[in-house]
Amino acid sequence: MDAVPKLPIGEWMEGFVEVLGQYKGVLFDPVSIVISTMVTYCSTVLAEIPSLILILLLGAAAWVFAGRASMVFTVIGLSLIHNLGYWDETIETLGLVLTATMISIAMGIPVGILCARHDTFRKLVTPVLDLMQTMPAFVYLIPAIFFFGLGEVPGVIASVIFALPPIVRLTNLGIRQVPAEMEEAADAFGATGWQKLVKVQLPYAKSTILAGVNQCIMLALSMVVIAAMIGAKGLGADVYRAVSQVDIGRGFEAGLSIVIIAIILDRLTQHAGKKERNT
């Protein structure tokens, strides 16, 4: 094996990134502006709602979608976060997670539909999805910082790369699970491809797609600490600061707040998916 010269894959990638860097202003500045605006808008809207009202609204949503026990947990959990003094950081974290989730859904569902309809496209996309899910996050943080600088934007980019694959895969799976009889009936009634997608395939696959959204949210939330390492605000920044200062108490409180948010979002989206399956 030593006789085979080392392939300069790293140098090729550096050259590719340098070429893209020459057009950074044209290619990436608009993306940076859009993402930064989305994060600011989501955080501002949530911050404008009084904390007590937001806690009650989320508690009511938990009651509707997940039952009384989840409602009690949501109200007590969010009240605990407020009592610990991490409310503003929680709002910033939710802004980042919501932005990453919305971008992932906007990109993932159309790609998943194309994967379900075209086997060749799916075969081309699958290795890319594997790469996105298995590549250590720190590797793609380097070009993200190079193109977008420090702050929320590269954090959202990294979260999208990590959270996008499940929604693509589950959208593809949900549409492929539509019974052949239903598709044949739609064809027999003369449905167009768009009508079959909107009226048959997407409604049948809705619960599976919602499972993908659930995974997407959880993965985006799991990236908040890594995003904090490149300047993103929120609970991840408190965890990162606590680790660097060996502040056990602060790290535990911020980590506990992230766990509470994760459980609430998981119960809401998970039970919403189950309701779709039961209807």
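**Fold and helix packing**

Analyst: Of the 279 residues of the protein chain, 40% count as buried. The model is a predicted one.

User: How many helices and how many strands does the protein chain have?

Analyst: Read along the sequence, the pattern is α-α-α-α-α-α-α-α-α-α-α-α-α-α. The C-alpha atoms fill a box of roughly 65 × 60 × 40 Å along the principal axes. The count for the protein chain is 14 helices and 0 strands.

User: What share of the contacts with a separation of 6 or more comes from residues 24 or more positions apart?

Analyst: Contact here means heavy atoms within 4.5 Å. Among contacts in the protein chain with a separation of 6 or more, the share from residues 24 or more positions apart is 77%.

User: What is the distance between the end C-alpha atoms of α7, and what span should its 16 residues have?

Analyst: Helix α7 covers residues 119–134. The expected span is 1.5 Å times one less than the number of residues, so the 16 residues of α7 should span 22 Å. The end C-alpha atoms agree with that, being 23 Å apart.

User: Where does α7 bend, and which proline follows within four residues?

Analyst: The bend in α7 is about 25 degrees and is located at Val125. Val125 is also one of the buried residues of α7. The proline that follows within four residues of the bend is Pro127.

User: Which helices do the buried residues of α7 pack against?

Analyst: In α7, the residues Val125, Leu129 and Met132 are buried. The buried residues of α7 pack against α6 (87–117), α8 (137–148) and α9 (152–176).

User: Are α10 and α11 roughly parallel or roughly antiparallel?

Analyst: The axes of α10 (residues 180–188) and α11 (residues 193–222) come within 11 Å and cross at roughly 165 degrees. Angles over 145 degrees count as roughly antiparallel, so α10 is, relative to α11, roughly antiparallel.

User: What is the handedness of that crossing, and which residues of α11 are met by α10?

Analyst: The crossing of α10 and α11 is right-handed. From α10, the residues involved are Met182, Glu183, Ala186 and Asp187. In α11 they meet Lys196, Val200, Gln201 and Tyr204.

User: Is Ser43 buried or exposed?

Analyst: Ser43 lies in helix α3 (residues 29–48). Leaving out residues up to four places away in sequence, Ser43 touches Ile91, Glu92 and Gly95. The cut-off for burial is under 20% relative accessible area, and Ser43 has 14% relative accessibility, so Ser43 counts as buried.

Definitions and conventions. Residues numbered from 1 in each chain as written. Predicted model: local features only at pLDDT ≥ 70, side-chain atom pairs only at ≥ 80, totals over all residues. Heavy atoms only, no water. Helix = DSSP H or I, 4+ residues; strand = E, 2+ residues; numbered from the N terminus. Bend = angle between axes of the 7 residues up to and from the residue. Buried < 20%, exposed > 50% of the residue type's maximum accessible area, 1.4 Å probe, protein only. Axes fitted to C-alpha atoms, helices over the stretch in contact; angles between N-to-C directions. Parallel < 35°, antiparallel > 145°, perpendicular 65-115°, else oblique. Left-handed = near helix turned anticlockwise from the far one by under 90°.
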